[in-house]
Amino acid sequence: NNWKDSMEEASKMEIEPLLAFLKQLYEARESKILDLSKQRIKDVPGMVLRLSDMEKLDLRHNKITEIPSFICLLVELRDLNIRDNRVKDLPQELGSVRGLEILDAGQNKLYRVPECLASLENLTNLWLDQNGIKEIPDWFPKLISLKYLNIDYNKLKMMPPEFGAMLRLEQLLMVSNRFLNFPATCCEVLTMVELSICDAENIISMPASIINLQPKLRKLVMNGCSLSRIHDSVGYCTNLTILSFANNNVTVVPHTFHMLTQCHVLNLQGNRIVAFPDIFNLTNLTHLNLSDNEITTVDLRIGDLNQMEELNLNNNKIASIPLTIATLTCLTELDLQRNRIMTLPWAIGTLDSLTQLQLHSNLLTSCPPTMSNLVNIRILTLRDNQISEVPDFVASLTELKRLTLKQKSLKGLPEISVQRVGEDAKEVPPTPPAWTPREDYGEDSRKFFQANEAEEDGRMGPQKNMRFNA
């Protein structure tokens, strides 16, 4: 009967998908991995039962509406991916696949957390993002092995008190839900390494209990909320390496931030900060984003922030840059565009590691000759200032690939720079938003997890090659 059923299934398939499926089936006999992604299938073929020892089944990017109950017969299954289908629920029988460790049910039509998950005591990684889930059930702590949970883009308004009893949860992503306030029960999960609660406009404050996460917490992201104040307790989470409060209503940076000596990335973009923050002990800081604030002065002390690689002060009210900018000897990208800077200090020419320097939309009338020492500069933007002629030093910037210096009063570019730059040079292309939790919500978010398995237990999320907003 199984053979007859298989032949009936095959007869209904078009020739190309059939050949592709048979090829995958054959290869899966050795690899124990069956990849049926992007095959436009509407049903899970019964022929998969011929691979009873299969360990990974990939069904993402199809048109499947139902996961069949015979899935329970795949007793060796460890990894099930049904991302980007039309599934409304999961069969109760899935709960008997006790060896399942990874389940990706993101981007489907789920309206609740399937009850069958309560039996999956070996489940470590779970994606439920981009569904219509309205609540997390109180039985969730039964997932005693769960380390990673992504519930981005759902309709959650709160988290149950029982959630604080999660035993091993390390990464919790909760972007774009409907929380009415900060889900304080998350602060009871003492194993938490990464917590991301973003795009929650109803969250106006955070609890002091965030300090409970101090032993393990290394990444905290709360972009796009309505915080007017960052709680002082955050500064006591001294193991933090990535901290982002972009696009809130913060006016003052807590004085306790000077204790975050392990922090590498600090993103405070898009707030209402007036004074340069007191972060002078953060000698491990490599990326600082203070763009889109109301900062008037830049306060840099000798020897501070000497590991800084990227500094973004775009769109503030800064009138001058201090000589101590010279202490940022590791700086590769400096964004000072859209400020009120009238002159640059000679010391800016000592930053010979710079590859990008954005100075456009200021009040500059000239640039210091010492900028000829910026031998590694590749991108330089000077447009929309009050510069009346091309600076002589441009000719000596042998690595320069992109220059913007457009104004009617300008004379022609020096001959040597015309060959490298040209008058049609375009503005620096916009870079992705800085340190957003995830950028692939229309794709498979699991690649972020898999790509970072080598990063300190594989649970820290992307830390390298982080960019600022242009």
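A search of the whole structure, which is a predicted model, finds 10 salt bridges. In one of them, the side chains of Asp 129 and Arg 83 meet at an N to O distance of 2.7 Å. Asp 129 belongs to the loop between E5 and E6, and Arg 83 to the loop between E3 and E4, so this pair ties together parts that are 46 residues apart in sequence. Both partners lie well below the 20% limit for burial: Asp 129 is buried at a relative accessible area of 1%, and Arg 83 is buried at 0%.

A second salt bridge links Glu 194 and Lys 219, with 3.7 Å from N to O. Because Glu 194 is part of strand E8 (residues 194–196) and Lys 219 part of strand E9, the contact ties together parts that are 25 residues apart in sequence. Glu 194 has a relative accessible area of 0% and is buried; Lys 219, with 4%, is buried as well. Salt bridges that share partners also join Arg 83, Asp 104 and Asp 129 into one network.

The salt bridge between the side chains of Arg 112 and Glu 115 has an N to O distance of 3.9 Å.

Nonpolar packing was examined next. The largest nonpolar core comprises 126 residues, and Phe 140, Phe 163 and Leu 195 are those with the most contacts inside it. Helix H2 (residues 15–31) is the element that gives the most to this core, contributing three residues. Beyond four places in sequence, Leu 195 touches Leu 172, Met 174, Phe 182, Ile 210, Leu 213, Leu 217, Lys 219, Leu 220 and Val 221. Lys 219, listed among these contacts of Leu 195, is also the salt-bridge partner of Glu 194.

The aromatic pairs number three. Trp 127 and Tyr 148 form a tilted pair, with 4.7 Å centre to centre and 45° between the planes. This pair links distant parts of the chain, with Trp 127 in strand E5 (residues 125–127) and Tyr 148 in strand E6 (residues 148–150), 21 residues apart. Trp 127 and Tyr 148 are both buried. A stacked pair is formed by Trp 139 and Phe 140, at 5.9 Å centre to centre and 25° between the planes. Trp 139 and Phe 140 are likewise both buried, and together with Phe 163 they form one aromatic cluster.

Two loop residues complete the description. Val 97 is located in the loop between strand E3 (79–81) and strand E4 (102–104). Its relative accessible area is 1%, so Val 97 is buried. Apart from neighbours within four places in sequence, Val 97 is in contact with Ile 71, Cys 72, Leu 74, Leu 77 and Leu 120. The C-alpha atom of Val 97 is separated by 8.6 Å from that of Ser 119, 22 residues apart along the chain.

Asn 223 occupies the loop between strand E9 (219–221) and strand E10 (242–244). With 7% relative accessibility, Asn 223 counts as buried. A polar atom of the Asn 223 side chain lies 2.9 Å from the backbone nitrogen of Ala 246.

Conventions
Residues numbered from 1 in each chain as written. Predicted model: local features only at pLDDT ≥ 70, side-chain atom pairs only at ≥ 80, totals over all residues. Heavy atoms only, no water. Core = buried A, V, L, I, M, F, W, Y, C linked by side-chain atoms within 4.5 Å. Buried < 20%, exposed > 50% of the residue type's maximum accessible area, 1.4 Å probe, protein only. Helix = DSSP H or I, 4+ residues; strand = E, 2+ residues; numbered from the N terminus. Contact = heavy atoms within 4.5 Å. Phe/Tyr/Trp six-rings, centres within 6.5 Å; stacked < 30°, edge-to-face > 60°. Polar contact = N/O pair within 3.5 Å; in protein donor to acceptor, adjacent residues only side chain to side chain. Salt bridge = Lys/Arg side-chain N within 4 Å of Asp/Glu carboxyl O.
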